[in-house]
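Q: I am new to this structure and would like a close look at a single part of it, the sheet. Please take me through it step by step.

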Amino acid sequence: MKLPRVECPSCTRSIAAGMVAGRLSKGRIWRHDAPDARRDADGHLLSCAGSLKIVDLPYGQMEIEIGEPETETAPADAMALF
Ligand SMILES: [Zn+2]
């Protein structure tokens with residue numbers, strides 16, 4: 001599945017955004033590490049402050065997910081039968 005990408009409000013990198021149920025114009029920024037790769041006292045990488053934030057998806061991104069509407073209702077060669 002191709003996810004729309006949005007600019008993280010914290011680190012300004014382009015991060016994939018997951019869907020938010022029931023809110024088509026919103027996305028949740030994928031968890032990502034802090035740009036300077038800081039670690040906590042246990043040595044674990046810290047997440048960027050923008051991780052998991054709910055953001056507005058850029059206009060037009062959702063149409064890519066939905067795809068082309070099906071307008072053709074009959075095969076092109078159907079008329080050849082008559
Ligand atoms: Zn970030």
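In what order do the elements of the protein run from the N terminus on?

A: The order from the N terminus is β-β-β-β-α, that is, 1 helix and 4 strands. Helices (H or I, at least four residues) and strands (E, at least two) are DSSP runs, numbered from the N terminus. This is a predicted model, in which local features need pLDDT of at least 70 and side-chain atom pairs count only at pLDDT 80 or more, while totals for chains, interfaces and linings use all residues. Residues are numbered from 1 along each chain as its sequence is written.

The 4 strands form an open antiparallel sheet in the order E1-E2-E3-E4. Strand E1 (5–7) and E4 stand at the edges with a single partner strand each, so one side of each has no neighbour in the sheet. On average, neighbouring strands of this sheet are turned by 55° against each other, direction ignored; the axes behind such angles are lines fitted to C-alpha atoms, for helices over the stretch in contact, and angles run from 0 to 180 degrees between N-to-C directions.

Now the pairs, where two strands pair if DSSP finds at least two bridges between them. E1 and strand E2 (residues 14–19) are antiparallel, with 3 bridges, and Glu-7 has Ser-14 in E2 as its bridge partner. E2 is joined to E3 by 3 bridges, again antiparallel, with Met-19 opposite Gly-27 in E3. These two strands form a hairpin with 6 residues between them, and Gly-22 in the turn has a positive phi of about 80°. E3 and E4 are also antiparallel over 3 bridges; here Gly-27 has Val-55 in E4 as its bridge partner.

A residue is buried if 20 or more other C-beta atoms lie within 10 Å of its own, exposed if 12 or fewer, and partly exposed in between, with C-beta atoms placed from the backbone. Buried residues make up 10% of the 82 residues.

Ile-29 belongs to the largest nonpolar core, along with Val-6, Cys-8, Ile-15, Ala-17 and Cys-48. Such a core is a set of buried Ala, Val, Leu, Ile, Met, Phe, Trp, Tyr and Cys residues joined through C-beta atoms within 7 Å. Between strand E3 (26–29) and strand E4 (54–56) lies a loop that holds Leu-45. Leu-45 counts as exposed because it has 12 C-beta neighbours inside 10 Å.
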